[in-house]
Amino acid sequence: MKQISSIQGYHTHVYFDADSLQAAKTLCDSAVARFGVQMGRIHEKPVGPHPMWSCQLAATPAQFSELLPWLALNRGDLIVFAHPETGNDLEDHRDHSIWLGCGLDLDLSIFD
């Protein structure tokens with residue numbers, strides 16, 4: 001059994017396209033203001049394992065416990081992918097993922 005204490009933080013990725021770019025920016029900016037999470041760059045192309053344009057929100061476990069329910073209620077039509085940070089990128093993305101909206105296929109080959 002893995003221990004919750006192995007979670008160093010969480011990454012939350014808000015997915016969007018050209019039509020939903022402004023909604024994603026607004027959602028991510030609001031999350032930063034409300035929870036103090038760190039916002040990464042807004043990628044207008046797929047980056048890493050992510051199949052869509054995305055913006056990353058990095059959260060501590062305490063921040064994430066409030067961020068995730070807030071995103072569930074406020075994401076609108078945006079897809080959100082979240083995962084813990086345990087030090088094992090493949091398992092974190094493949095086995096421990098949380099989806100809000102429909103799940104999408106990730107390109108996990110980058111973790112080989």
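In what follows, a residue is called buried when its relative accessible area is under 20%, exposed when that area is over 50%, and partly exposed in between, using a 1.4 Å probe and protein chains only. By that rule Phe16, at 2% relative accessibility, counts as buried.

Good morning, colleagues. The model before you is a predicted one, in which local features need pLDDT of at least 70, side-chain atom pairs count only at pLDDT 80 or more, and totals for chains, interfaces and linings use all residues. Residues are numbered from 1 along each chain as its sequence is written, and side-chain values use heavy atoms, with hydrogens and water left out.

I begin with the aromatic rings. Rings of Phe, Tyr and Trp (for Trp, the six-membered ring) are paired if their centres lie within 6.5 Å; planes under 30 degrees apart are stacked, over 60 edge-to-face, and the rest tilted. How many aromatic pairs does a search of the whole structure find? The search finds five.

One of them joins Tyr10 and Phe64: the ring centres are 3.8 Å apart and the planes stand at 5°, so this pair is stacked. Tyr10 belongs to strand S1, residues 9-16, and Phe64 to helix H2, residues 61-74, so the pair ties together parts 54 residues apart in sequence. Helices (H or I, at least four residues) and strands (E, at least two) are DSSP runs, numbered from the N terminus. Tyr10 and Phe64 are both buried.

Phe16 and Trp53 form an edge-to-face pair, with 6.0 Å from centre to centre and 75° between the planes. Phe16 is buried, whereas Trp53 is partly exposed, its relative accessible area being 23%. Elsewhere, ring pairs link Tyr15, Phe81 and Trp99 into a cluster.

Let us turn to Ser54, which is also in strand S3. Is Ser54 buried or exposed? At 3% relative accessibility, Ser54 counts as buried. Leaving aside residues up to four places away in sequence, Ser54 touches Val14, Tyr15, Phe16, Arg41, Ile42 and His43, where contact means heavy atoms within 4.5 Å.

Finally, I come to Gly87. This glycine sits in the loop between strand S4 (79-85) and helix H3 (89-94). Gly87 is exposed, with a relative accessible area of 65%. Its contacts, again not counting residues up to four places away in sequence, are with Gln8 and Asp92. The C-alpha atoms of Gly87 and Val47 are separated by 20 Å, and the two residues are 40 residues apart along the chain.
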